[in-house]
Amino acid sequence: MQATVQSFDAATRSGWVFLDDGTRIPFDGEAFDAGPLRHLRPGQRVALVMTDGRVTYVTLSTFPTP
């Protein structure tokens with residue numbers, strides 16, 4: 001699933017993304033830490049893995065997801 005970063009808090013490593021349909025979804029530090037990234041910026045395209053309605057993995061849209 002792909003999305004666009006709305007916000008990212010480097011201190012907590014959490015943030016919010018918009019899905020392509022406009023749905024706004026949060027992600028936590030655990031989901032961010034599961035991927036290879038060090039920082040995100042608003043407007044950046046990302047790929048997400050969701051499990052049981054929760055984001056569990058965040059990476060750049062050009063990187064493979066598990």
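Predicted model: local features only at pLDDT ≥ 70, side-chain atom pairs only at ≥ 80, totals over all residues.
Colleague: Which strands pair with β4, and in what sense?

Modeller: The strand β4 has two such partners to consider here. With β1, the pairing is antiparallel and covers three bridges. With β5, the pairing is again antiparallel, over six bridges.

Colleague: What lies between β4 and β5 in the chain?

Modeller: The two strands form a hairpin, and two residues separate them. Asp52 sits in that turn.

Colleague: What should I know about side chains along a strand?

Modeller: The general idea is that side chains in a regular strand alternate between the two faces of the sheet. For a case to examine on screen, take Thr59, which belongs to strand β5.

Colleague: Is Thr59 buried or exposed?

Modeller: Thr59 is buried, because its relative accessibility is 0% and the limit for a buried residue is under 20%. Beyond its neighbours within four places in sequence, Thr59 is in contact with Pro36, Leu37, Val46, Ala47, Pro64 and Thr65.

Colleague: How many residues make up the largest nonpolar core, and which have the most contacts inside it?

Modeller: That core has 15 residues. Those with the most contacts within it are Val17, Phe27, Leu40, Val46, Leu48, Val55 and Val58. At least two core residues come from each of β1, β2, β3, α1, β4 and β5. The greatest contribution is that of β1, which supplies three residues.

Colleague: Which residues does Val55 touch?

Modeller: With residues up to four places away in sequence set aside, Val55 touches Ile25, Pro26, Phe27, Ala31, Leu48, Val49 and Met50.

Colleague: Where is Gln44, and what does its side chain reach?

Modeller: Gln44 occupies the loop between α1 and β4. Its side chain reaches the backbone nitrogen of Arg41 at 3.0 Å. Gln44 counts as buried because its relative accessibility is 15%. Apart from neighbours within four places in sequence, Gln44 is in contact with Ala3, Thr4, Val5, His39 and Leu60.

Colleague: Let us turn to charged side chains. How many salt bridges are there?

Modeller: The count is four salt bridges.

Colleague: Which residue forms a salt bridge with Arg13?

Modeller: The partner is Asp33, and the closest N and O atoms are 2.7 Å apart. This pair links distant parts of the chain, for Arg13 lies in the loop between β1 and β2 while Asp33 lies in helix α1, 20 residues apart. Asp33 is partly exposed, with a relative accessible area of 42%.

Colleague: Why does the salt bridge of Asp20 and Arg45 tie together separate parts of the sequence?

Modeller: Asp20 and Arg45 have their closest N and O atoms 2.8 Å apart. Asp20 is in the loop between β2 and β3 and Arg45 is in strand β4, so the pair joins parts 25 residues apart in sequence. Asp20 counts as exposed at 60% relative accessibility, whereas Arg45 is partly exposed at 29%.

Colleague: Which residues belong to the network that includes Arg54?

Modeller: Arg54 is in strand β5 and Glu30 is in helix α1, 24 residues apart. Arg54 is partly exposed, with a relative accessible area of 34%, and Glu30 is exposed at 58%. Through salt bridges that share partners, Asp28, Glu30 and Arg54 are joined into one network.

Colleague: Finally, how should I read the backbone angle phi?

Modeller: The general idea is that most residues other than glycine have a negative phi. Two cases here deserve attention. Arg13 has a positive phi of about 60° although it is not a glycine. Asp52, likewise not a glycine, has a positive phi of about 55°.

Colleague: Where is Asp52, and is it buried or exposed?

Modeller: Asp52 is in the loop between β4 and β5. With a relative accessible area of 82%, Asp52 is exposed. Arg13, in the loop between β1 and β2, counts as partly exposed at 32% relative accessibility.

Notes: Residues numbered from 1 in each chain as written. Heavy atoms only, no water. Helix = DSSP H or I, 4+ residues; strand = E, 2+ residues; numbered from the N terminus. Buried < 20%, exposed > 50% of the residue type's maximum accessible area, 1.4 Å probe, protein only. Polar contact = N/O pair within 3.5 Å; in protein donor to acceptor, adjacent residues only side chain to side chain. Contact = heavy atoms within 4.5 Å. Core = buried A, V, L, I, M, F, W, Y, C linked by side-chain atoms within 4.5 Å. Pairing = 2+ DSSP bridges.
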